[in-house]
Amino acid sequence: MKIHEYQAKEVLRSHGVAVPEGKACFQLQQVTDAVLGIGFPCVIKAQVHAGGRGKGGGVKVVTDMSAALNFAENILGAMLITPQTTDEGQKVNSVLVEKASQIEKELYLSLVMDREKGRVCIMSSLEGGMDIEEVAAARPEKIIKEWVDPAVSLMPYKIRNIAHQLNLTGELAKKFAHLLNGLYTAFIASDASLIEVNPLVITRSQELIALDAKIDIDDNALFRQKKIQEMYDPSQDDPRDVEAQYHGLSYVALEGDIGCMVNGAGLAMATMDIIKQVGGKPANFLDVGGSATQDKVKQALKIILQDKQVKAIFINVFGGIAKCDVIALGILGAAQELGISVPLVVRLEGTNVEQGKEILKNSKLSITPADGMLDGAQKVVAAASALRN
């Protein structure tokens, strides 16, 4: 789960990380009050779940009230397009008004879960700022990496190594140690999968400040992160993703035209692979789970059909805990309620498979049965191709 910059800074501030004085604003009057309290010059930042806001025109330094209100009025409620959003952009429901910092040097610092090593990786660079992606791609040697052994936590010598490579000495090195310890503590305490500070700035007064902050939380840990869970902003996600989460479905939109509904993440990935292998492109990953109910099946099909690119649907079910007859009844209920107009290919195997096949066979729906996963993939790809042509 992603949270906004102003929320991320609240989390970091609670762990002793230095961040600029600032206030989140949702209305124009709040912007006026925040600017009067903070003073000029100040920075107004659009709050969206995407990077590259500066390049997209979502960040502005202002030196008077007229400029502040003009920018805030134009950006609040607007769709901000950045290099990391879709062509539609993301809606700006709030802005962060912050005291401007006198920047001497910009650095990059992040903590990310390295799943291959099973450890937190600390990445840093002397070349922080908006172009860090280009630096990582073109000059990867500029990115410094240190891994934290979970058995001993973040050791002082690791911090010294990073500080040395960032050319931080004396008091700045001590301040960096305090800041990095705070970041690591926040990472562990909040069950984060990513904390990124870009830029981490050295000010002219020789302070180290997290000028920007991004935090992603592991969805699997949200049950014990109630306060952070309350920070969720559904307006920043695809409505289909929000609906899927509400119904306990795992859904990821893709760019193809073959809708997929599968029970089990491994089977879902195998289904997408075999669709690709026979020449098709999946429109989504959608796992209804091992204990799928009729209602879950109906909601899953509803979400798939919201994608106007979908030309055919492949339902691939291996019944274990989820029984094939229950899945079949869910398909019938969904088809009757939603009026499915695209080709529907169904492969059922496992518990109560004969009952499930009989239910579909006796229905008056136009459903193409499949004998195995490969047969189903070939049939759904052929059906989609016929409509494309």
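**Close-up views of side chains in a predicted model**

The sulfur of Cys260 lies 18 Å from the closest cysteine sulfur, which belongs to Cys324, and this is too far for a bond. Before the views, a word on how to read them: this is a predicted model, where local features need pLDDT of at least 70, side-chain atom pairs count only at pLDDT 80 or more, and totals for chains, interfaces and linings use all residues. Residues are numbered from 1 along each chain as its sequence is written, and side-chain values use heavy atoms, with hydrogens and water left out.

View A. A disulfide is a covalent bond between the sulfur atoms of two cysteines. Here it is counted when a pair of cysteine sulfur atoms lies within 2.5 Å. How many disulfides does a search of the whole structure find? The search finds 0. Cys260 is buried, at a relative accessible area of 1%, and Cys121 is buried too, at 4%. (Buried means under 20% relative accessible area, exposed means over 50%, and partly exposed is in between, using a 1.4 Å probe and protein chains only.)

View B. The structure holds 1 aromatic pair. The ring centres of Tyr6 and Phe26 are 6.1 Å apart and their planes stand at 90°, so the pair is edge-to-face. The pair links distant parts of the chain, 20 residues apart: Tyr6 is in helix H1 (residues 5-14), while Phe26 is in the loop between strand S1 (22-25) and helix H2 (28-38). Tyr6 is buried at 14% relative accessibility, whereas Phe26 is partly exposed at 43%. For the terms, rings of Phe, Tyr and Trp (its six-membered ring) pair if their centres lie within 6.5 Å; planes under 30 degrees apart are stacked, over 60 edge-to-face, and the rest tilted. Helices (H or I, at least four residues) and strands (E, at least two) are DSSP runs, numbered from the N terminus.

**View C. Glu5 and its two lysine partners.** A salt bridge is a side-chain nitrogen of Lys or Arg within 4 Å of a carboxyl oxygen of Asp or Glu, and by this rule there are 18. Glu5 bridges to Lys9, with the closest N and O atoms 2.7 Å apart. These two are 4 residues apart in helix H1, so about one helical turn separates them. Glu5 is buried at 5% relative accessibility, and Lys9 is buried at 2%. Glu5 also meets Lys45 in a salt bridge (2.9 Å, N to O). This second pair links distant parts of the chain, with Glu5 in helix H1 and Lys45 in strand S2 (residues 42-46), 40 residues apart.

View D. Asp295 pairs with Lys298, their closest N and O atoms being 3.9 Å apart. Both lie in helix H10 (residues 294-305), 3 residues apart, about one turn of the helix. Asp295 is partly exposed at 39% relative accessibility, and Lys298 is partly exposed at 22%.

**View E. Inside the largest nonpolar core.** In soluble globular proteins, nonpolar side chains tend to be buried together. A nonpolar core is a set of buried Ala, Val, Leu, Ile, Met, Phe, Trp, Tyr and Cys residues joined through side-chain atoms within 4.5 Å. Which of the 41 residues in the largest core touch the most other members? They are Leu12, Phe176, Leu180, Leu183 and Ile215. Helix H6 (residues 170-189) gives the most to this core, with 8 residues.
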